[in-house]
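Please examine the structure shown below and keep it in view while reading. The paragraphs that follow lead through it step by step.

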Amino acid sequence: GVHLGHRVLLEKTRAEAERIGGESLVITFEPHPRLALDPECGMKLLSPGEEKRRLLEQAGIDHLLIIPFDRAFSRMTPSDFLHLLVEQIGVRSLVVGYDHRFGCDKSGSHALLERLKGELGLDVTEVAEREVESEHVSSTVVRRLIEQGGE
């Protein structure tokens with residue numbers, strides 16, 4: 001989905017692309033990693049593929065890269081994933097949320113990004129947590145509120 005927390009990330013991504021004279025890119029996975037690793041988990045997507053594409057386009061994102069996600073891809077180390085982003089895709093600046101985790105077993109963190117950014121020639125921007133009425137904004141919270149018929 002593309003909720004309020006994501007919109008802050010998208011705005012920062014667009015601004016960062018403009019700052020470096022590049023183009024904005026959102027990278028996502030299909031199927032969703034949780035569904036790929038546990039098809040029986042019952043998780044509902046907030047925005048199916050085409051809706052997500054439309055929302056990202058409306059948010060002014062230049063490009064959307066959809067990486068096929070499967071069990072083999074889930075075993076990629078955080079370092080290998082970062083090298084893929086920089087060397088294969090050409091990412092020069094990365095905007096991530098405050099709780100962003102990546103790579104095998106979600107072992108990659110902002111601390112790892114900070115350690116490797118010089119080696120990779122990568123700018124890294126971390127976006128702070130977003131709250132609405134003292135409630136943390138996340139896909140999990142949004143799903144819960146929808147299921148509860150929340151406001």
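On one side of helix α3, the residues Glu-50, Glu-57 and Gln-58 are exposed, where exposed means over 50% relative accessible area, buried under 20%, and partly exposed in between (1.4 Å probe, protein chains only). Helices (H or I, at least four residues) and strands (E, at least two) are DSSP runs, numbered from the N terminus. The model is predicted: local features need pLDDT of at least 70, side-chain atom pairs count only at pLDDT 80 or more, and totals for chains, interfaces and linings use all residues. Residues are numbered from 1 along each chain as its sequence is written, and side-chain values use heavy atoms, with hydrogens and water left out.

Helix α3 spans residues 49-58, and its buried residues are Lys-52, Leu-55 and Leu-56. These residues lie on the same side of α3 because they cover an arc of only 100° around the axis; the arc is that of the directions from the helix axis to the C-beta atoms. After α3 comes Gly-60, which has a positive phi, near 85°.

Helix α6 may be read in a similar manner. Its buried residues are His-110, Leu-112, Leu-113, Leu-116 and Leu-120. They span an arc of only 125° around the axis, and therefore sit on the same side of α6. The face turned away from this buried side carries the exposed residues Arg-115 and Gly-118. The buried residues of α6 pack against α5, β3 and β4 (123-127), contact meaning heavy atoms within 4.5 Å.

The next topic is the nonpolar core, a set of buried Ala, Val, Leu, Ile, Met, Phe, Trp, Tyr and Cys residues joined through side-chain atoms within 4.5 Å. The largest such core has 18 residues, of which Leu-82, Leu-94, Leu-113 and Leu-122 touch the most other members. Two or more residues of this core come from each of α5 (78-89), β3 (93-97) and α6 (110-120). A second, separate core of 5 residues includes Leu-10, Leu-56, Ala-59 and Ile-61.

Finally, there are the salt bridges, each a side-chain nitrogen of Lys or Arg within 4 Å of a carboxyl oxygen of Asp or Glu. The count by this rule is 5. One of them joins the side chains of Arg-19 and Asp-123 (2.9 Å, N to O). Arg-19 belongs to helix α1 (residues 4-20) and Asp-123 to strand β4, so this pair ties together parts 104 residues apart in sequence. Glu-16, Arg-19 and Asp-123 are linked in a network of salt bridges.
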